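User: I am new to this structure. Please take me through it in short questions and answers.

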Amino acid sequence: MLIRLTITAVAGVSMQVKLCIIDRPVGPSFTGDIAYQTDTAGSAITGLDVSTEFDAGNGSGATYSVQAGTLPAGLGLNGSTGQIGGTPTTPGTSSGIVIRLTTSNGTADSNAFTWTIDPAPVAPSFTGSIASQTDPVGSAISPLDVSTEF
């Protein structure tokens with residue numbers, strides 16, 4: 001932006017000054033840390049919105065990407081919205097996941113976090129059979145150990 005100023009002194013002498021203001025891009029910055037995430041394998045994640053932890057500055061056309069590390073297997077990042085979703089498939093810990101926000105003016109910032117996927121709970125399964133038990137009425141019943149059948 002160019003501004004022209006005319007300055008007139010008391011003695012009637014005037015001069016013109018040109019002032020040029022350059023609008024420099026203000027890049028994105030993260031406004032908070034992406035929290036440590038813990039989920040369970042096989043359970044759908046409806047959406048972790050990492051965009052809430054960034055301020056795009058005066059840039060537009062923001063895109064999100066995984067700059068370093070990897071998201072847990074089964075999860076993906078929507079580069080336009082900053083939403084992470086899917087169904088994790090493999091238990092384990094993904095450390096050093098770095099999400100990067102880049103704006104159309106080329107400025108960028110990133111934010112790192114860790115995500116742990118716990119194993120899915122396993123229901124006990126019955127592996128044997130329990131024989132029929134018959135005891136006379138009025139007699140004591142001996143304990144029956146069925147723990148070996150699971």
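User: Is F113 buried or exposed?
Analyst: This is a predicted model, where local features need pLDDT of at least 70, side-chain atom pairs count only at pLDDT 80 or more, and totals for chains, interfaces and linings use all residues. Residues are numbered from 1 along each chain as its sequence is written, and side-chain values use heavy atoms, with hydrogens and water left out. Buried means under 20% relative accessible area, exposed over 50%, and partly exposed in between (1.4 Å probe, protein chains only). F113 has a relative accessible area of 4%, so F113 is buried.

User: How many aromatic pairs does a search of the whole structure find?
Analyst: Rings of Phe, Tyr and Trp (its six-membered ring) pair if their centres lie within 6.5 Å. By that rule, the search of the whole structure finds one.

User: Why is the pair of F113 and W115 described as tilted?
Analyst: A pair of aromatic rings is described by the distance of the centres and the angle of the planes. Planes under 30 degrees apart count as stacked, over 60 as edge-to-face and the rest as tilted. The ring centres of F113 and W115 are 5.9 Å apart and the planes stand at 50°, so the pair is tilted.

User: Is W115 buried or exposed?
Analyst: The relative accessible area of W115 is 0%. Therefore W115 is buried.

User: How many helices and strands are in the chain?
Analyst: Helices (H or I, at least four residues) and strands (E, at least two) are DSSP runs, numbered from the N terminus. The chain has zero helices and 11 strands.

User: In what order do the four strands of the mixed sheet lie?
Analyst: Two strands pair if DSSP finds at least two bridges between them. The four strands form an open sheet with mixed pairing, in the order β4-β11-β10-β7. Its edge strands, each pairing on one side only, are β4 (37-40) and β7.

User: Which residue in β11 is the bridge partner of Q37?
Analyst: β4 and β11 run parallel and are joined by four bridges. In β11, Q37 has as its bridge partner W115.

User: Which residue in β11 is the bridge partner of I97?
Analyst: Strand β11 (residues 108-118) runs antiparallel to β10, with nine bridges between them. The two strands form a hairpin with five residues between them, and G106 in the turn has a positive phi of about 90°. The β11 partner of I97 is F113.

User: What separates the C-alpha atoms of L101 and V50?
Analyst: L101 lies in strand β10. L101 counts as buried, because its relative accessibility is 0%. L101 and V50 are 51 residues apart along the chain, and their C-alpha atoms are separated by 9.8 Å.

User: Which are the edge strands of the open sheet of three strands?
Analyst: This sheet has the order β5-β9-β8, with antiparallel pairing. Each edge strand pairs on one side only: β5 (45-49) and β8 (75-77).

User: Which residue in β9 is the bridge partner of I45?
Analyst: β5 and strand β9 (residues 83-86) pair in the antiparallel sense over three bridges. The partner of I45 in β9 is G86.

User: What share of the 150 residues in the chain is buried?
Analyst: The 0% area of W115 makes that residue buried. Across the 150 residues of the chain, the buried share is 21%.
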